[in-house]
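Welcome! Please take a moment with the sequence and the model, and then let us walk through a few parts of it together.

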Amino acid sequence: MYLCSVNEKKYLQSLISQGEHQQQDFKYKVQDAVKLARSVSAFANTDGGRLLIGVRDDGHLSGVRSEEEIYMMHQAAYRYCQPEASIKFDTYHVEGRTIVIATVPPSPRKPIYALDGEGNRRAYIRIADENILASPVHLQLWRQETSSKGQILQYGDSERQLLATLQTATHELTLNQLVRLSRLPRQKVIRLLAHFIRYGLVTCQFSDRNFLFR
């Protein structure tokens with residue numbers, strides 16, 4: 001059996017001491033490859049990150065207990081993510097327990113979707129220590145960023161109307177509020193918001209379980 005060196009043990013302990021954050025998540029055990037795929041999707045669609053598998057939320061080591069758990073880790077990345085996510089697995093043996101670190105780099109071509117139990121595709125992003133379902137604006141933004149064609153933003157009535165709605169608002173607005181106040185078609189608002197975010201005209205933040213635009 002491979003034994004963890006002193007340096008590797010210190011490295012693992014240093015990671016655990018950071019707790020869960022934007023680029024790190026703890027998994028006590030793997031019971032469902034579908035749920036694990038959400039974390040893989042979120043890391044790949046944001047800044048990348050790592051899953052410490054066999055570590056409880058409080059940082060205590062529980063260990064990976066079966067080959068089935070290791071199998072489900074691979075399933076999460078290669079079967080329940082579309083397209084397949086890039087992921088690297090490193091195994092450590094500490095205090096008689098097996099800990100697996102799954103490292104997920106940010107994907108150069110977003111989105112990476114996670115499949116649910118019915119085979120539906122959902123894309124996630126990582127915000128603080130949570131995996132959040134990506135908004136339609138994120139999906140449109142990724143489509144624009146990966147398009148092989150250059151895009152020109154024309155400043156017409158629709159663009160002027162949406163920006164005026166944002167500028168006159170006294171607080172951040174949700175997508176639904178923007179559609180209602182601007183009186184523009186929902187898909188047009190989504191497309192224009194993605195353009196505006198790319199060009200630095202509009203910011204998007206997540207608050208109270210909603211994506212807000214300003």
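S158 lies in helix α5, which covers residues 157-168; helices (H or I, at least four residues) and strands (E, at least two) are DSSP runs, numbered from the N terminus. This is a predicted model, in which local features need pLDDT of at least 70 and side-chain atom pairs count only at pLDDT 80 or more, while totals for chains, interfaces and linings use all residues. Residues are numbered from 1 along each chain as its sequence is written, and side-chain values use heavy atoms, with hydrogens and water left out.

Is S158 buried or exposed? With a relative accessibility of 17%, S158 is buried (under 20% relative accessible area; exposed is over 50%, partly exposed in between, with a 1.4 Å probe and protein chains only). Leaving aside residues up to four places away in sequence, S158 touches L184, K188 and L192 (contact means heavy atoms within 4.5 Å).

Now turn to the sheet. Four strands make an open, antiparallel sheet in the order β3-β6-β7-β8, where two strands pair if DSSP finds at least two bridges between them. The edges are β3 (81-82) and β8 (130-133); each has a single partner strand, so one side of each lacks a neighbour in the sheet. Strands β6 (residues 113-115) and β7 (residues 121-127) pair over three bridges, and A114 has R122 in β7 as its bridge partner.

Finally, the cysteines: C81 is buried at 2% relative accessibility, whereas C204 is partly exposed at 32%. The whole structure has zero disulfides (a pair of cysteine sulfur atoms within 2.5 Å).
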